Amino acid sequence: MNQKSNTQELVIIRILDIPIAWVWKGWTDPKLVALWWGPAHYTSPRCEIDLRVGGKYLFCMQAPLDQGGQVYYNTGIYTKIVPEERLDFTQSLSDEDGNPIDPADVGMPSDFPKEVKFIMEFKALSDTKTELTITEYNWTMGQMSKYAVMGMNQSLDKFASVIGPLQR
């Protein structure tokens, strides 16, 4: 935890039985991201990616109807791209046009950050296995950071179940 700012880094490491090229594609091809983005039982009806430094993305996720069916948008800017090695970007809640919005304006608690910095590191362990390390910065210690880890892990479970079979 960063004592000065009261923020912490969230780190998730996942070993995937998927070649590194497919793990990279799974995070950078909008058609593939739309197949797995969001926690368990959520869908992703819209995904746009301009994969270049300074390029924007817009990801949409929709809650299942039995949970209210709400639609949420995230946007951000790619800040560093090293194919099949590293992907850095920002992420904020947004409206459907990709304009960042204040989390408080949509009822999020005060420990939900306005912007999260991501560093994703891709490491080939073999021809068929990849280690993916996701580091998220700017989270305040609290319930929302726990939900963020849980949601990312559920998303990665979906990623493995969808992208894994596609590459075989």
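The structure is a predicted model, in which local features need pLDDT of at least 70 and side-chain atom pairs count only at pLDDT 80 or more, whereas totals for chains, interfaces and linings use all residues. Residues are numbered from 1 along each chain as its sequence is written, and side-chain values use heavy atoms, with hydrogens and water left out.

Ile18 is placed in the loop between strand 1 and helix 1; helices (H or I, at least four residues) and strands (E, at least two) are DSSP runs numbered from the N terminus. Contact is defined as heavy atoms within 4.5 Å. With neighbours within four places in sequence set aside, Ile18 contacts Val23, Thr128, Lys129, Thr130, Phe159, Ala160, Ile163, Gly164 and Gln167. Thr128 is 110 residues from Ile18 along the chain, yet the C-alpha atoms of the two residues are separated by 5.2 Å.

## Sheet architecture

Strand pairing requires that DSSP find at least two bridges between two strands. The model contains an open sheet of 7 strands in the order 1-7-6-5-4-3-2, with antiparallel pairing. Strand 1 (7-16) and strand 2 (47-49) are the edge strands, each pairing on one side only. Angles run from 0 to 180 degrees between N-to-C directions, and axes are lines fitted to C-alpha atoms, for helices over the stretch in contact. On average, neighbouring strands of this sheet are turned by 20 degrees against each other, direction ignored.

Strand 3 (residues 56-62) pairs with strand 4 (residues 71-82) in the antiparallel sense over 7 bridges. Within this pair, Phe59 stands opposite Asn74, and Gln62 stands opposite Val71. Strand 4 is also joined to strand 5 by 7 bridges, again with antiparallel direction. Here Val82 has Arg86 of strand 5 as its bridge partner.

## Helix packing

Helix 1 (residues 20-28) packs on the sheet and touches strand 1, strand 2, strand 4, strand 5 (86-94), strand 6 (116-124) and strand 7 (130-140). The direction of helix 1 makes about 160 degrees with that of strand 6. Helix 3 (residues 143-166) lies across strand 1, strand 6 and strand 7, and runs at about 15 degrees to strand 1.

## Selected residues

Strand 4 and strand 5 form a hairpin with 3 residues between them. Glu84, in the loop between these strands, has phi near 60 degrees, a positive value in a residue other than glycine. Glu84 counts as partly exposed because its relative accessibility is 35%. Asn138, found in strand 7, also has a positive phi, near 85 degrees. Its relative accessibility is 31%, so Asn138 likewise counts as partly exposed.

Thr90 lies in strand 5 and is buried, with a relative accessible area of 13%. Not counting residues up to four places away in sequence, Thr90 touches Tyr57, Thr75, Gly76, Ile77, Glu115 and Val116.

## Pocket and cavity

Grid points are joined across faces, edges and corners, and a volume is the space filled by probe spheres set on the points. The largest pocket holds about 610 Å³. It is lined by 26 residues, of which Pro39, Met61, Tyr147, Ala148 and Gly151 are the closest to its centre. Helix 3 gives the most to this lining, with 8 residues, and strand 4, strand 5, strand 6 and strand 7 are among the elements that each supply at least two.

For lining composition, Ala, Val, Leu, Ile, Met, Phe, Trp, Tyr, Cys and Pro count as nonpolar, Asp, Glu, Lys and Arg as charged, and the others, Gly among them, as polar. The lining of the largest pocket has 17 nonpolar, 7 polar and 2 charged residues. The structure holds 1 cavity of 30 Å³ or more, and the largest cavity has a volume of about 30 Å³. Trp27, Tyr57, Phe59, Tyr78, Leu87 and Phe89 line the largest cavity, with strand 3 and strand 5 each giving two or more residues. The class count for this cavity lining is 6 nonpolar, no polar and no charged residues.

Conventions:
On a 1 Å grid over the protein atoms alone, a cavity is a set of points where a 1.4 Å probe fits but cannot get out, and a pocket is an open set with protein on both sides within 12 Å along at least five of seven lines; lining residues have an atom within 4 Å of a point. Buried means under 20% relative accessible area, exposed over 50%, partly exposed in between (1.4 Å probe, protein chains only).
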